[in-house]
Amino acid sequence: MKFQMDDRLPLVSVEIEYAGQKKTFSNVLLDTGCSSTILDTDLCEEIGLMLDLENAITRKMYGIGGTEICIEQKVSGMNIDEFRLNNFTIQLGDVREMHGFDGIIGSDFFLAHKLIINFENMEVRKN
């Protein structure tokens, strides 16, 4: 999978699938320093992936920018180029407003596929 650098940050497009609907998130940061994959709540609502506040599992996310509370949610499928995870757990949060991204792909996705980020060739590939 190829990625692009924007302001020295690796960005990809991500397609998620939920309840039979698909949505492409075009401005997603590859971040091995983030343990979980996080997608913007407002963008997820466009395909019916709404916050389930009654059964919500909240997670506190930490980083250099501070702390953020996210809601854990399972999606039926998540694709990044040729890599797919079924029944994948993501975090929903205010990523776009707080950080300027549609989402963040965390180390959970990289570990599940045993992926390597190659900055020389600007690609993510299997180990």
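Phe3 has a relative accessibility of 4%, so it counts as buried. (Buried means under 20% relative accessible area, exposed means over 50%, and partly exposed is in between, using a 1.4 Å probe and protein chains only.) Keep in mind that this is a predicted model, where local features need pLDDT of at least 70, side-chain atom pairs count only at pLDDT 80 or more, and totals for chains, interfaces and linings use all residues. Residues are numbered from 1 along each chain as its sequence is written, and side-chain values use heavy atoms, with hydrogens and water left out.

So which rings pair up here? The structure holds two aromatic pairs. Rings of Phe, Tyr and Trp (its six-membered ring) pair if their centres lie within 6.5 Å; planes under 30 degrees apart count as stacked, over 60 as edge-to-face and the rest as tilted. One of the pairs joins Phe3 and Phe119 edge-to-face, at 5.6 Å centre to centre and with 75° between the planes. Phe3 sits in the segment before strand E1 (4-6), and Phe119 in the loop between strands E9 (115-118) and E10 (123-126), so the pair ties together parts 116 residues apart in sequence. (Helices, H or I, of at least four residues and strands, E, of at least two are DSSP runs, numbered from the N terminus.) Phe119 is partly exposed, at 47% relative accessible area.

## Another pair of rings

Phe88 and Phe109 have ring centres 5.9 Å apart and planes at 85°, so this pair is edge-to-face too. Because Phe88 lies in strand E7 and Phe109 in helix H3 (residues 107-113), the pair ties together parts 21 residues apart in sequence. Both Phe88 and Phe109 are buried.

Cys70 is in no disulfide either. Cys34 is buried at 12% relative accessible area, and Cys70 is buried at 0%.

## Two positive phi angles

Now for the backbone. Ala19 has a phi near 50°, a positive value in a residue other than glycine. Look for Ala19 in the loop between strand E2 (9-18) and strand E3 (21-30). With 62% relative accessibility, Ala19 counts as exposed.

Asn87 also has a positive phi, near 50°. This residue is found in strand E7 (residues 83-93).

How values were computed:
A disulfide is a pair of cysteine sulfur atoms within 2.5 Å.
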